[in-house]
Amino acid sequence: MTPPDASHNRWSDLDRPPLNATALRRGLLRPDALWTSLEVVESTGSTNTDLAERARAGAAAAGTVLVAEEQTAGRGRLERSWTAPPRSGLFFSVYLEPGDIPVERWGWVPLLTGVAAATGLAKSAGVDMSLKWPNDLLVTVEGEERKTGGILGEFAGDGIVVGLGINVSLRAGELPAPTAGSLALAGAVSTDRETLLRAVLRSMEHWYGAWKAADGDAAASGLQAAYAAGCATLDRSVRAELPGGASLVGEAVAIDGDGRLVLSTEDGLQQPVSAGDIVHLRGAAGGLT
């Protein structure tokens, strides 16, 4: 008998078992819950692309969660790619409809997701997490800040799709870049992806509920303060690489009510940055990220 092709065997890497969709639904889907459906697919190009297409076609209900065991064309900010071995991380997107919340406040949803992911993973994996504005999740590996996750939000249909990619069990030789890390390499006490996913989604349900109850007011809901408390970008010298090719250097001093990063520049001005790529210069952690 010819043995099955290991590359197509869901159990080919016994350290990375497949997700149990039934158990996840049982733990997360309740009549009064934020999450209304949860689907796990073996492989897809991008969960964000798939869920956004469904939302635009009216085929996704608010509270939909789409999880992939593998992403072959995962997308990050600025059209960067995001790749990882099958079942080595959490790759998922959610669809939310903030409804009557003013659209100008919807930009807080990806930041809210960062707070939820960082707090959920810190509790369930036992790893110190921090946030790099606007949407990177950082861990410490061998004394250095490393990116272990990213968040991407995009408007679709009547709401917003938010995707997360989180490196869970990646080994050193599997990292896509020297600046990348994983929960395992950061000393996680658990790399059980079902435990981690439940923790992140429950944390997100908590923060999203608080934000909606405050009519999207990040200060009143506690979200603004929580983001600032966990943000590794604050109190550091940074370079903001802005859309169009310009750049701005200054000290990151605040996250304002619109979720923008406020830089104090050499000329004494305080300049809010709403979009761009942030480079951590020498600062609190003593390195460049």
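Here is a tour that starts with the whole chain and then visits single spots.

**Before you click**

This is a predicted model, where local features need pLDDT of at least 70 and side-chain atom pairs count only at pLDDT 80 or more, while totals for chains, interfaces and linings use all residues. Residues are numbered from 1 along each chain as its sequence is written, and side-chain values use heavy atoms, with hydrogens and water left out.

**Stop 1: the whole protein**

Show everything as a cartoon. You'll find five helices and 14 strands; these are DSSP runs (helices are H or I with at least four residues, strands are E with at least two), numbered from the N terminus. Of the 289 residues, 50% are buried. Buried means under 20% relative accessible area, exposed means over 50%, and partly exposed is in between, with a 1.4 Å probe and protein chains only.

**Stop 2: two helices side by side**

Select residues 21-28, helix H1, and residues 193-213, helix H4. Their axes are 11 Å apart and the packing angle is about 30°. Each axis is a line fitted to C-alpha atoms over the stretch in contact, and angles run from 0 to 180 degrees between N-to-C directions. So H1 is roughly parallel to H4, a label for angles under 35 degrees.

Which residues make the contact? On H1, show Ala23, Leu24, Gly27 and Leu28; on H4, show Glu194, Leu197, Arg198, Leu201 and Arg202. Colour them by type and you get five nonpolar, one polar and three charged. Here Ala, Val, Leu, Ile, Met, Phe, Trp, Tyr, Cys and Pro count as nonpolar, Asp, Glu, Lys and Arg as charged, and the others, Gly among them, as polar.

**Stop 3**

Most residues other than glycine have a negative phi, and most peptide bonds are trans.

- Select Trp133 and Pro134: the peptide bond from one to the other is cis, with omega near 0°. Pro134 is in the loop between strand S6 (130-132) and strand S7 (136-141).
- Jump to Arg87, where phi is positive, near 60°. Look for Arg87 in the loop between strand S4 (81-82) and strand S5 (89-96).
- Then try Asp235, with a positive phi of about 65°. Asp235 lies between helix H5 (223-229) and strand S10 (237-241), in a loop.

Buried or exposed: what is Arg87? Arg87 counts as buried because its relative accessibility is 5%. Asp235 has 59%, so Asp235 counts as exposed.

**Stop 3: two buried loop residues**

Pick Gly181, in the loop between strand S9 (159-167) and H4. Gly181 is buried, at 0% relative accessible area. Leaving aside neighbours within four places in sequence, Gly181 is in contact with Val141, Arg146, Lys147, Thr148, Asn167 and Leu175.

Last, select Thr265, in the loop between strand S12 (261-264) and strand S13 (270-273). Thr265 has a relative accessible area of 12%, so Thr265 is buried. Not counting residues up to four places away in sequence, Thr265 touches Leu248, Val249 and Gly250.

Definitions and conventions:
Angles under 35 degrees count as roughly parallel, over 145 as roughly antiparallel, 65 to 115 as roughly perpendicular and the rest as oblique. Contact means heavy atoms within 4.5 Å.
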